[in-house]
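Dear colleague,

Please find below the structure that I am handing over to you. My notes on the findings follow directly after it.

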Amino acid sequence: MALTQSRKLSPFAQNCDTLKRHSAGKINRSCKISRGERKHGAQHPLSKDKGWDTYQNHLIKAIEPLTAEQLELKISPNLRSIGSLARHIIRTRAGWLNGLMGEGGPDVAAIARWEYEGDIPPTPELLRDLKVTFQAWQECLERWTPEDLEYIFRGERWGEPYELSRQWIIWHVIEHDLHHGGELSFSLGAHGLAAPDL
Ligand code: NI
């Protein structure tokens with residue numbers, strides 16, 4: 001979401017700003033799924049070769065050639081720069097995966113602890129972190145069963161309870177990728193740079 005957006009949101013009017021509060025609030029991480037367990041051998045429809053990975057590759061290709069100066073470009077003073085958008089996508093993936101669901105390794109956990117906004121990492125680091133966070137999500141999507149998707153994460157933040165299904169979180173993070181990926185694409189195009197080629 002744009003930086004200018006109101007920060008007064010109900011617990012269930014979720015957007016990217018939600019993460020910050022999740023990490024500050026009480027979170028029930030009682031995930032009961034054991035690693036490597038796949039009860040029915042069924043892959044989540046969004047796991048490998050089903051679309052998100054294609055989009056990830058488009059993002060990688062668009063960011064790969066960018067210089068530090070190009071990462072600083074923005075289309076309006078009150079909106080995120082191209083590099084900040086990439087950073088925001090990365091942090092949001094890690095925040096939901098690790099901060100809320102307790103998944104992912106130390107690399108993902110470290111990203112989940114990033115400040116909400118911050119300095120833009122150099123291009124090689126953005127690429128590495130895009131790959132690290134995507135790989136972690138991919139591994140989970142390949143492991144989670146249809147039953148796992150119905151698991152409800154419960155917690156409390158700012159004195160208000162929330163209940164979010166794993167399925168909702170998965171879609172939310174994908175829509176967040178697409179939402180800000182579109183913004184990143186528009187920002188690249190506005191500056192005459194090559195945008196993700198869908
Ligand atoms: Ni956002």
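In this predicted model, helices α2 and α6 pack with their axes 10 Å apart, at an angle of about 175 degrees. An angle over 145 degrees counts as roughly antiparallel, and α2 and α6 are therefore roughly antiparallel to each other. From α2, the residues D53, Q56, L59, I60 and I63 make the contact, and from α6 the residues T123, L126, L127, L130, F134 and Q138. By class, seven residues of this contact of α2 with α6 are nonpolar, three are polar and one is charged.

Helix α6, which spans residues 123-143, also packs against helix α4, residues 82-100. Here the angle is about 30 degrees, and the axes are again given as 10 Å apart. That angle makes α4 roughly parallel to α6, and their crossing is left-handed. On the α4 side, the residues involved are G83, A86, R87, I90, R93, A94 and L97; they meet L126, D129, L130, T133, A136, W137 and C140 in α6. The contact of α4 with α6 comprises nine nonpolar, two polar and three charged residues. L126 and L130 of α6 are listed in the contact with α2 and also in the contact with α4.

Helix α2, residues 52-63, has a further partner in helix α8, residues 166-190. The axes of α2 and α8 come within 11 Å and cross at roughly 30 degrees, which makes α2 roughly parallel to α8. This crossing of α2 and α8 is left-handed. W52, Y55, L59 and A62 of α2 make the contact with I174, D177, L178, G181 and L188 of α8. Seven of the residues in the contact of α2 with α8 are nonpolar, one is polar and one is charged.

Strand β2 (residues 152-157) and strand β3 (residues 160-165) run antiparallel and are joined by six bridges. F153 has L164 in β3 as its bridge partner, while E156 stands opposite P161 in β3. The two strands form a hairpin with two residues between them. In the turn, W158 has a positive phi of about 50 degrees.

Finally, a word on confidence. The protein chain has an average pLDDT of 82, and 75% of the residues score at least 70. Over residues 1-41, however, pLDDT stays under 50. For residues 1-41 the model has 60 contacts beyond four places in sequence. Where pLDDT is low, the predicted coordinates should not be read in detail. I would ask you to keep this in mind when viewing residues 1-41, where pLDDT stays under 50.

With kind regards

Notes
Residues are numbered from 1 along each chain as its sequence is written. This is a predicted model: local features need pLDDT of at least 70, side-chain atom pairs count only at pLDDT 80 or more; totals for chains, interfaces and linings use all residues. Axes are lines fitted to C-alpha atoms, for helices over the stretch in contact, and angles run from 0 to 180 degrees between N-to-C directions. Helices (H or I, at least four residues) and strands (E, at least two) are DSSP runs, numbered from the N terminus. Angles under 35 degrees count as roughly parallel, over 145 as roughly antiparallel, 65 to 115 as roughly perpendicular and the rest as oblique. A crossing is left-handed if the near helix is turned anticlockwise from the far one by less than a right angle, and right-handed if clockwise. Two residues are in contact if their C-beta atoms, placed from the backbone, lie within 7 Å. Ala, Val, Leu, Ile, Met, Phe, Trp, Tyr, Cys and Pro count as nonpolar, Asp, Glu, Lys and Arg as charged, and the others, Gly among them, as polar. pLDDT is the predictor's confidence in each residue, from 0 to 100. Two strands pair if DSSP finds at least two bridges between them.
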